Amino acid sequence: MKMFTGSARTEYLVTGALVAALYAGLTYASAALNLAYGPVQFRLSEALTLLPVLTPAAIPGLTIGCLLGNIGSPLGIVDIFCGTFATFTASVITRSLRSIRVKRIPVVSALAPVVINGLVIGLEITFLMSKRKDFLTFVVAAGWVALGELAMCFALGLPLTMALQKRGLPFSRLP
């Protein structure tokens, strides 16, 4: 990553902080609707997981936002660590795949949060919330998490990312 100086560094920090605040806030809004935690998740905040396509500042922003958002998780400290790890990993992969596009749409990048969260959170749900701890239980849990992630990333995240990119907002110019 390039080192930033002056206003670019400030822009990076502010962008990351804004992403973190939005992610945490949208996670708590989803929790108020009983959609943020558990076997079936439709977190509005997951629409933001495609922002690393536009800016590297979204990686720490999403990671910190997830950590803050998972403080309210009924799975406690395990979800804080596992969920944050999944979000960080998915963010890095999303950023690295940003140039692979289908008709100028970063579809491949949108799959990273779906797959990573499906696997990591699916394991977490299997071992912490399920009575059965077998492979079929994991596949079902991972499938439900991935389905919710897919809905948020493709129905909300891709249109949001494309709209922000089209508008040419300042943070989309960060390296």
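## Helix 3 against helix 4

In this predicted model, helix 3 passes helix 4 in a right-handed crossing, a term used where the near helix is turned clockwise from the far one by less than a right angle. The two elements, helix 3 with residues 77-96 and helix 4 with residues 107-129, pack at an angle of about 160°, and their axes are 8 Å apart. Helix 3 is therefore roughly antiparallel to helix 4, the word for angles over 145 degrees. Axes here are lines fitted to C-alpha atoms, for helices over the stretch in contact, with angles running from 0 to 180 degrees between N-to-C directions, and helices are DSSP runs (H or I, at least four residues) numbered from the N terminus.

Residues of helix 3 that meet helix 4 include Val78, Cys82, Phe85, Ala86 and Ile93, and among their counterparts in helix 4 are Ala112, Ile116, Val120 and Leu128, where contact means heavy atoms within 4.5 Å. The residues of this contact divide into 12 nonpolar, six polar and two charged; Ala, Val, Leu, Ile, Met, Phe, Trp, Tyr, Cys and Pro count as nonpolar, Asp, Glu, Lys and Arg as charged, and the others, Gly among them, as polar.

## The aromatic pair

The structure holds one aromatic pair, meaning rings of Phe, Tyr or Trp (its six-membered ring) with centres within 6.5 Å. The ring centres of Phe135 and Phe138 lie 6.1 Å apart and their planes stand at 45°, so the pair is tilted, whereas planes under 30 degrees apart would count as stacked and those over 60 as edge-to-face.

Phe135 and Phe138 are three residues apart in helix 5 (residues 135-167), and so about one helical turn separates them. Phe135, at 63% relative accessibility, counts as exposed, while Phe138, at 15%, counts as buried; buried means under 20% relative accessible area, exposed over 50% and partly exposed in between (1.4 Å probe, protein chains only).

## Two further residues

Ala151, also found in helix 5, counts as partly exposed at 27% relative accessibility. Leaving aside residues up to four places away in sequence, Ala151 touches Phe42 and Leu156. Ala151 and Val114 are 37 residues apart in sequence and 9.1 Å apart in space, C-alpha to C-alpha.

Leu33 is found in the loop between helix 1 (6-32) and helix 2 (58-69), and with 57% relative accessibility Leu33 counts as exposed. Leu33 and Val108 are 75 residues apart in sequence, and their C-alpha atoms are 29 Å apart in space.

## Basis of the values

Residues are numbered from 1 along each chain as its sequence is written, and side-chain values use heavy atoms, with hydrogens and water left out. In this predicted model, local features need pLDDT of at least 70 and side-chain atom pairs count only at pLDDT 80 or more, while totals for chains, interfaces and linings use all residues.

Notes. Parallel < 35°, antiparallel > 145°, perpendicular 65-115°, else oblique.
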